[in-house]
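Please work through the exercises below with the sequence and the model open beside you.

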Amino acid sequence: MPATSSFVVLAPLCALVLGAVGLGGGAYENLVVDPVWPDNPSIIRAGEGIKRARFWMPAHSLYEIALIASLWMVWSESDARWWTIAAVAIHLAARAWSFAYFIPRALRFEKLGELTEEQRRDALRWTQLSRIRPILAACSIVALCGAVLQLQ
């Protein structure tokens, strides 16, 4: 099998870098922000706390553009194509879960004042489930690594 042009490898490599940025952001939130905010909701409160959307909106948008570009660039390379499809599928599953569960609750938490006991339990469940998201991001990145290796 002849080596693929470096131009074709560029898109998955860019996606890898952008995926790693998102993974780092997820790890930061899981390790630094999530253990604290259920007991101190002002950390995430709209207008007062951190503005997560400033990071996540461009991070996800750029990663998704890079994933689509990667899929387009590697389409003629069947082995790399399947790894890239896996990366896209994992990411889409994580994003669907985020849109269905995490984002609506995060927006609601950002509007609340002090949490009731029930809201605090919901917040703790949110933070516990959120630990799975960086694992999914890592799986998407590993799939992209598989695509890049197939292009070598």
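This is a predicted model: local features need pLDDT of at least 70, side-chain atom pairs count only at pLDDT 80 or more; totals for chains, interfaces and linings use all residues.

**Exercise 1. Describe how helix α1 packs against helix α5.**

Begin with the residues that touch: V9, P12, L13, A15, L16, G19, A20, L23, G26, A27 and N30 in α1 meet P134, A137, A138, I141, L144, C145 and V148 in α5, where contact means heavy atoms within 4.5 Å and helices are DSSP runs (H or I, at least four residues), numbered from the N terminus. Sorted by class, this contact has 15 nonpolar, three polar and no charged residues, with Ala, Val, Leu, Ile, Met, Phe, Trp, Tyr, Cys and Pro counted as nonpolar, Asp, Glu, Lys and Arg as charged, and the others, Gly among them, as polar.

Residues are numbered from 1 along each chain as its sequence is written, and side-chain values use heavy atoms, with hydrogens and water left out.

Next comes the geometry. Two packed helices are described by the angle between their axes and the distance between the axes. Helix α1 (residues 6-33) and helix α5 (residues 132-150) pack at about 160 degrees with their axes 9 Å apart; the axes are lines fitted to C-alpha atoms, for helices over the stretch in contact, and angles run from 0 to 180 degrees between N-to-C directions. The two helices are therefore roughly antiparallel to each other, a term for angles over 145 degrees. Their crossing is left-handed, that is, the near helix is turned anticlockwise from the far one by less than a right angle.

**Exercise 2. Carry out the analysis for α3 and α5.**

The axes of α3 and α5 come within 7 Å and cross at roughly 165 degrees, and these helices are therefore roughly antiparallel to each other. The crossing of α3 and α5 is left-handed. By class, their contact has 14 nonpolar, six polar and two charged residues; residues taking part include W83, H91 and W97 in α3 and R133, L136 and L144 in α5.

**Exercise 3. Locate the nonpolar cores.**

A nonpolar core is a set of buried Ala, Val, Leu, Ile, Met, Phe, Trp, Tyr and Cys residues joined through side-chain atoms within 4.5 Å, and buried means under 20% relative accessible area (1.4 Å probe, protein chains only). The largest such core has 19 residues, and those with the most contacts inside it are A15, Y63, L67, L144 and L151. Helices α1, α2 (52-74), α3 (78-111) and α5 each supply at least two residues of this core. Apart from it lies another core, of twelve residues, among them V33, Y101, F109 and L115.

As a further step, follow L67: not counting residues up to four places away in sequence, L67 touches A15, T84, A87, V88, H91 and L144.

Definitions and conventions
Angles under 35 degrees count as roughly parallel, over 145 as roughly antiparallel, 65 to 115 as roughly perpendicular and the rest as oblique. Buried means under 20% relative accessible area, exposed over 50%, partly exposed in between (1.4 Å probe, protein chains only).
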